[in-house]
Amino acid sequence: MGQDDIDIEHQVLFEIANLAFEKGEDSNCKQKNKDVLIMLSTYFESHFKHEENFMQEIEYPLYELHCEKHEQIIKEINTFIKIMSVMDTQTFELELGMFIEKWLVQHIIYEDKKIQGFLNADNETIVEL
């Protein structure tokens, strides 16, 4: 997984996040929200699979812990999909914003940067995430 692949994946992620907060017609809002969650779920599954393969390749010492965090994200988004039908639009958007902050931003900034730190410590392999 090279820098270009990661940049493209992060771009897709931010496009999905932008779509989530794009204002639409009220009659279409619930379906748009459901579509956004499904896109996020699909994105995560693909991204995590690539990232986990990469971590195995480089023998990342925190592999299992990092994978557990991935599992938490997938469980939370699946729960979110199940309960979204009972949320009003405002509550859904608030919860989605908190989800994006908690898992996407925090995970990328803190957890994925640990992989970069590990790679930088290994003088043989230097890759920016």
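Reader: Which residue forms a salt bridge with Glu111, the closest N and O atoms being 4.0 Å apart?

Author: This is a predicted model, where local features need pLDDT of at least 70, side-chain atom pairs count only at pLDDT 80 or more, and totals for chains, interfaces and linings use all residues. Residues are numbered from 1 along each chain as its sequence is written, and side-chain values use heavy atoms, with hydrogens and water left out. A salt bridge is a side-chain nitrogen of Lys or Arg within 4 Å of a carboxyl oxygen of Asp or Glu. At 4.0 Å between the closest N and O atoms, the partner of Glu111 is Lys69.

Reader: How many residues apart in sequence are the parts that this pair ties together?

Author: Helices are DSSP runs (H or I, at least four residues), numbered from the N terminus. Glu111 lies in helix H4 (residues 89-121) and Lys69 in helix H3 (residues 63-83), so the pair ties together parts separated by 42 residues.

Reader: Is Glu111 buried or exposed?

Author: Buried means under 20% relative accessible area, exposed over 50%, and partly exposed in between (1.4 Å probe, protein chains only). Lys69 has 22% and counts as partly exposed. Glu111 has a relative accessible area of 13%, so Glu111 is buried.

Reader: Which residues are linked in a network of salt bridges?

Author: Glu111 also forms a salt bridge with Lys114, with the closest N and O atoms 3.4 Å apart. Those two sit 3 residues apart in helix H4, so about one helical turn separates them. Lys114 is partly exposed at 38%. The network links Lys69, Glu111 and Lys114.

Reader: How do H3 and H4 run, roughly parallel or roughly antiparallel?

Author: Axes are lines fitted to C-alpha atoms, for helices over the stretch in contact, and angles run from 0 to 180 degrees between N-to-C directions. The axes of H3 and H4 come within 12 Å and cross at roughly 170 degrees. Angles over 145 degrees count as roughly antiparallel and those under 35 as roughly parallel. So H3 and H4 are roughly antiparallel.

Reader: Which residues does His66 touch, not counting residues up to four places away in sequence?

Author: His66 lies in helix H3. His66 is buried, with a relative accessible area of 2%. Contact means heavy atoms within 4.5 Å. Leaving out residues up to four places away in sequence, His66 touches Glu51, Met55, Tyr60, His107, Glu111, Asp112 and Ile115.

Key:
Angles under 35 degrees count as roughly parallel, over 145 as roughly antiparallel, 65 to 115 as roughly perpendicular and the rest as oblique.
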